[in-house]
Amino acid sequence: MKPAYPARLSLAQLPTPLQPLDRFSALLGGPRIWLKRDDLTGSLCTGNKVRKLEFIFAHALAEAYDSVISCGGLQSNHCRATAVLAAQLGLRCVLVLRGEQPAEADGNLLLARLAGADIRYIPVQDYQQQLPALLEHERKRLAKAGSKALVIPTGGSDGLGVWGYIAAAGELQQDFRRLGIAPRHIVHASGSGGTQAGLMLGAWLHGLDAGIVGINVCDDYDYFAAKIRQDIDDWQQRYGAAVDWQQLSFSLIDGYVGEGYGQAGQPVLQCIAELARTEGVILDPVYSGKAFSGLCQEIRNGRFAGESDLVFIHTGGIYGLYAFRDSIQAVL
Ligand SMILES: *Cc1c(COP(=O)(O)O)cnc(C)c1O
């Protein structure tokens, strides 16, 4: 059974453009790469998280939550978007962040603070071992003060957040019809799995005939296979849906994590610089740039040979760039 869309707020600038990277694609010599500009969902609300948060905040308002609590790294795009949208909607925002408070707040962290988020800095090891308890602690603390707080999971990835990219799959289908193209693959960075789970469900629900290909920027194949399954199971349970697993396309290219999450090597930084000067589009080192650099390598290796059009989703992340100012300058 295919469920109906739940309530949604209009927070992102949609539809986002789908534009061809003609010069860059010619240099690379593979299919024409179309960039889905989800970095243009907003200026402060740039990136893929805003699509998920349209459904998450609609749920929060409908259920009379007055606060949200979320979590992530110090440069979390998701946390910055959550803080900004909470301020726009008049909700309180508490962020549980992984790491010590830096001497100078930069990029996403600076913006989250500016938007008034109440921030808890948690040493890395404690964060890794106790995240659920830390979130629950904050929820109880707010409850004692008379506040009802919704806990939003890492990256907004769960059965509710996946609606953002279920809807995005429908938007892509409209784009393809309007432009008269039929790309066989839609490629994107996978971090917490919600974008990929949403696109997989959305392609199935909308009858979009394209393979969904994640390139992971952390963890590994098994982690994502399990995490995506968990988000889809959560979605089925919440909405009484029954997924036909045979019809879902799951594909993950594992091999471009490099030194680890949040670490970008020379090939990633050079690829970001090359795209920026060839097309005037800027990717980030943690997600979109790491995945795009992986995609370019795969194209050079012939993975998408013979395909005429291919889509890469620019999932945003521009503010994360500022934390890499030294290493980026070194490749210019
Ligand atoms: C969070 C994020 C991703 C990954 O999306 P998930 O749904 O967490 O897999 C990709 N790109 C950017 C810029 C992000 O902030």
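Visitor: Does Ser25 count as buried or exposed, and at what relative accessibility?
Guide: Ser25 counts as buried, because its relative accessibility is 6%. Buried means under 20% relative accessible area, exposed means over 50%, and partly exposed is in between, with a 1.4 Å probe and protein chains only. This is a predicted model, in which local features need pLDDT of at least 70 and side-chain atom pairs count only at pLDDT 80 or more, while totals for chains, interfaces and linings use all residues. Residues are numbered from 1 along each chain as its sequence is written, and side-chain values use heavy atoms, with hydrogens and water left out.

Visitor: Where does Ser25 lie? And what does Ser25 touch, not counting residues up to four places away in sequence?
Guide: Ser25 is in helix 1. Helices here are DSSP runs of H or I with at least four residues, strands are runs of E with at least two, and both are numbered from the N terminus. Beyond four places in sequence, Ser25 touches Gly30, Pro31, Arg32 and Ile33. Contact means heavy atoms within 4.5 Å.

Visitor: Arg32 is in that list. What is the bridge partner of Arg32 in strand 10?
Guide: Asp309 is the partner of Arg32 there. Strand 2 (residues 32-37) runs parallel to strand 10 (residues 309-314), and six bridges join them. Two strands pair if DSSP finds at least two bridges between them.

Visitor: What about strand 1 and strand 2, in which sense do they pair?
Guide: Antiparallel, over three bridges, with strand 1 covering residues 18-20. Leu18 has Lys36 as its bridge partner, and Pro20 is opposite Trp34. Strand 2 is mostly covered, with five of its six residues buried.

Visitor: In what order do the six strands of that open sheet come?
Guide: The order is 1-2-10-7-8-9, with mixed pairing. Strand 1 and strand 9 (251-253) are the edge strands, each pairing on one side only. From one strand to the next the twist averages 30 degrees.

Visitor: Which strands does helix 10 touch as it packs on the sheet?
Guide: Helix 10 touches strand 2, strand 7 (185-190), strand 8 (211-216), strand 9 and strand 10, and its direction makes about 160 degrees with that of strand 10. Axes are lines fitted to C-alpha atoms, for helices over the stretch in contact, and angles run from 0 to 180 degrees between N-to-C directions.

Visitor: Over how many bridges do strand 4 and strand 5 pair?
Guide: Five, in the parallel sense, with strand 4 covering residues 92-98. Arg98 is opposite Ile122 of strand 5.

Visitor: Ligand. How many residues surround the ligand, and which are the closest?
Guide: There are 16, and the closest are Lys49, Lys52, Ser192, Thr195 and Thr315. A residue is near a molecule or strand if one of its heavy atoms lies within 4 Å of it.

Visitor: How far is an oxygen atom of the ligand from an N or O atom in the side chain of Lys52?
Guide: 2.6 Å. For the side chain of Asn48 the corresponding distance is 3.0 Å, and a backbone N or O atom of Gly194 lies 3.4 Å from a ligand oxygen. A polar contact is a pair of N or O atoms within 3.5 Å; within protein, one must be able to donate a hydrogen and the other to accept it, and residues adjacent in sequence count only if both atoms are side-chain atoms.

Visitor: Last one, helix 6. How many of the 17 residues of helix 6 are buried?
Guide: 13 of the 17, so helix 6 is largely enclosed by the rest of the structure. Gly180 follows helix 6 and has a positive phi, near 65 degrees.
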